[in-house]
Amino acid sequence: MSENKIPYKIYLDESEIPTKWYNVRADMKTKPAPLLNPGTLEPLKAEELYPIFCEELVAQELNNDDAFIEIPDEIQNFYRMYRPSPLIRAYFLEKALDTPAKIYYKFEGNNTSGSHKLNSAIAQAYYAKKQGLKGVTTETGAGQWGTALSMACSYFGLDCKVYMVKVSYEQKPFRREVMRTYGASVTPSPSMETEVGRKILEAHPGTTGSLGCAISEAVEVATKNDGYRYVLGSVLNQVLLHQSIIGLETKTAMDKYGVKPDIIIGCAGGGSNLGGLISPFMGEKLRGEADYRIIAVEPASCPSFTRGKFAYDFCDTGMVCPLAKMYTLGSGFIPSANHAGGLRYHGMSSTLSQLYHDGLMEATSVEQTSVFRAAQQFARVEGILPAPESSHAIRVAIDEALKCKETGEEKTILFGLTGTGYFDMVAYENFNNGTMTDYIPTDEDLKPGFDAIPKFPGNEF
Ligand SMILES: *Cc1c(COP(=O)(O)O)cnc(C)c1O
């Protein structure tokens with residue numbers, strides 16, 4: 001099909017929704033390092049993870065070998081409620097930028113959670129239900145994950161306890177109400193409800209919280225209550241697996257029109273949307289079948305890839321979780337409170353960390369005000385009000401398209417538009433009022449985080 005026939009929106013048929021997730025680890029020569037038991041420093045066995053996670057999710061977490069994993073029918077059915085998501089050709093943006101580049105974005109904001117997070121939430125709730133559990137606990141930062149999980153839990157009749165990072169709880173009261181509408185209980189974190197929350201509050205009175213704190217609280221509650229397990233919305237291998245649906249749909253849609261991206265861009269918080277979007281493309285790259293330039297975009301205020309250390313570290317502030325090898329700013333790192341929205345996590349998916357370490361992808365960081373300038377420009381021409389997180393990817397997509405304008409290259413750029421920004425109006429308000437600031441941590445700011453990374457033989461960084 002010729003170029004000019006490419007529609008504004010490429011929708012797939014329902015029958016083209018993938019029936020299997022793709023596990024990129026199967027094609028990695030160097031596998032992501034295993035999770036370690038923080039007590040023994042030995043790789044964690046499945047049984048050791050059962051008190052925290054559902055059994056089937058543990059199997060997915062540890063599965064480095066099977067390239068494809070069947071999506072259970074009930075999850076496929078739920079996906080049909082809001083998938084396939086559109087792949088959009090950004091003709092309006094291209095015109096506004098006057099660029100020869102061809103820009104595509106995969107839009108995951110077309111569901112009430114407002115983000116891609118529902119793709120994994122429904123899977124995790126399904127396996128919890130299948131195991132006969134009463135409910136699940138979790139953390140949420142900006143609130144999209146908590147919303148997605150509360151939707152998924154209400155679908156399966158599970159109880160849902162959400163620990164919400166305090167700064168977001170205060171900035172986004174309406175997010176909390178969406179979660180409560182779906183039946184979840186929402187507690188600002190750190191809270192006095194848990195041992196670890198009380199400890200954190202004692203050490204950092206007045207803290208606005210972090211994902212790392214909220215995770216510790218949620219894990220404590222899951223392990224202390226019968227019939228509960230903890231679920232996580234990003235970072236873990238299983239989450240990247242579920243999110244591969246994004247990349248698989250994208251690839252099917254592009255293949256239909258014979259389009260190959262030159263550059264693939266995604267924002268990176270814990271790495272799940274980016275990991276999901278790039279998985280099938282990275283698979284081709286790993287197998288030597290194709291080459292792509294892949295760029296992770298993170299906020300300059302929480303720069304795990306670009307300034308972090310590649311080391312074993314705790315996934316949470318309370319240091320109760322397993323050790324994961326990843327790019328990390330240290331589990332005690334708390335990003336500046338003026339940083340809006342998600343992407344606040346101190347670490348990064350260990351799968352993406354390994355791929356980055358092996359030179360298979362790049363990373364860059366961008367400042368908040370330039371991100372919102374890109375968001376505004378995008379909203380005005382493409383019609384979608386983007387989430388601040390997604391706008392990190394927009395920023396770099398625009399920058400790459402502008403480079404093409406200079407060189408005259410007709411590159412094909414694909415980026416992930418992970419969600420909508422309707423609940424981020426406080427941040428947009430700051431931007432519109434000109435009161436938004438950028439904060440880039442100094443080396444001094446980062447030092448305490450690095451100092452707290454556990455030291456043991458083999459964990460030099
Ligand atoms: C959670 C979230 C992200 C970042 O999380 P990842 O796991 O890195 O994908 C990005 N965009 C939106 C809209 C989100 O809700």
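Guide: A residue is called buried under 20% relative accessible area, exposed over 50% and partly exposed in between, with a 1.4 Å probe and protein chains only. By that definition, 64% of the 461 residues of the protein chain count as buried. This is a predicted model, in which local features need pLDDT of at least 70, side-chain atom pairs count only at pLDDT 80 or more, and totals for chains, interfaces and linings use all residues. Residues are numbered from 1 along each chain as its sequence is written, and side-chain values use heavy atoms, with hydrogens and water left out.

The domain assignment, which is automatic or from a database, gives domain 1 as 3-18 + 81-114 + 237-451 and domain 2 as 21-69 + 117-230. Their C-alpha centres lie 22 Å apart. Taking contact as heavy atoms within 4.5 Å, 51 residues of domain 1 touch 55 residues of domain 2. In the protein chain, 77% of the contacts with a separation of 6 or more are between residues 24 or more positions apart.

As for secondary structure, the protein chain has 18 helices and 15 strands, counted as DSSP runs from the N terminus (helices H or I, at least four residues; strands E, at least two). The radius of gyration of the protein chain is 20 Å, close to the 23 Å that the globule rule gives for 461 residues, so the chain is as compact as a globular protein of that length. Here the radius is taken over C-alpha atoms, and the rule is 2.2 Å times the number of residues to the power 0.38. The C-alpha trace spans about 60 × 50 × 50 Å along its principal axes.
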